[in-house]
Amino acid sequence: MPEQDDAEREFDLKWADNAERKEPSARARMLAARWKENPPEPQPFRADPDLAGPRRSSWISTVIVLGSVAAIILLLGYANFRAPY
C-alpha cells in the first residue's frame with residue numbers, strides 16, 4: 001500500500017468533511033425508528049424530578065450552619081484557654 005503524501009491526505013480530509021450528507025449515528029437511527037412508532041410525550045423544559053423529597057426550610061439550614069460555626073469557635077476558644085504557655 002503506497003503512502004499518501006500530505007497534499008493528498010489533506011485533499012481526502014477536506015473532501016470527507018465537505019460531504020453533502022452525513023449518515024446519522026446508530027443511536028440516532030434507533031431513536032428515530034422507535035419514535036416513528038411511539039413518539040415521546042412532550043415534557044416541559046427542566047421538568048422537576050418525580051421523586052424529589054421534602055425540602056428543608058431556609059431558616060433550619062441557617063440555624064444548622066450558624067450553630068456549627070459557634071460550636072467550632074467555642075471549641076477553639078476552649079482549646080486555647082487550656083493550652084499552657
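Among the elements of this protein, helix H2 (residues 26-37) has the highest mean pLDDT, 92, while helix H1 (residues 6-17) has the lowest, 71. That contrast is a handy place to start, since the model is a predicted one. Over the protein, the mean pLDDT is 79, and 73% of the residues reach 70 or more. A friendly reminder before going further: where pLDDT is low, the predicted coordinates should not be read in detail.

**Overall architecture**

- The protein has three helices and zero strands, and along the sequence this reads as α-α-α.
- Buried residues account for 1% of the 85 residues in the protein.

**Helix H3**

- Helix H3 covers residues 58-82, and Trp59 has its place there.
- From its first C-alpha to its last, H3 reaches 36 Å with its 25 residues, close to the 36 Å expected at 1.5 Å a residue.
- H3 lies largely in the open, because the number of buried residues among its 25 is zero.

**A nonpolar patch**

- Trp59, Ile60, Val63 and Ile64 make a nonpolar surface patch of about 400 Å².
- Trp59, one of the patch residues, has a relative accessible area of 58%, so it counts as exposed, the cut-off being over 50%.

**The salt bridge**

- How many salt bridges does a search of the whole structure find? The search finds one.
- The partners are Arg29 and Glu23, whose closest N and O atoms are 3.0 Å apart.
- Glu23 has a relative accessible area of 65% and is therefore exposed, being over the 50% cut-off.
- Arg29, at 40% relative accessibility, counts as partly exposed, because this value falls between the 20% and 50% cut-offs.

**To take away**

Note on methods: Residues are numbered from 1 along each chain as its sequence is written. This is a predicted model: local features need pLDDT of at least 70, side-chain atom pairs count only at pLDDT 80 or more; totals for chains, interfaces and linings use all residues. Side-chain values use heavy atoms; hydrogens and water are left out. Patches are made of residues with over 30% relative accessible area and no salt bridge: like charges are joined within 9 Å, nonpolar side chains (Val, Leu, Ile, Met, Phe, Trp, Tyr) within 5 Å. Accessible areas come from the Shrake-Rupley method with a 1.4 Å probe; for residues, only the protein chains shown count as cover. A salt bridge is a side-chain nitrogen of Lys or Arg within 4 Å of a carboxyl oxygen of Asp or Glu. Helices (H or I, at least four residues) and strands (E, at least two) are DSSP runs, numbered from the N terminus. Buried means under 20% relative accessible area, exposed over 50%, partly exposed in between (1.4 Å probe, protein chains only). The expected span of a helix is 1.5 Å times one less than its number of residues. pLDDT is the predictor's confidence in each residue, from 0 to 100.
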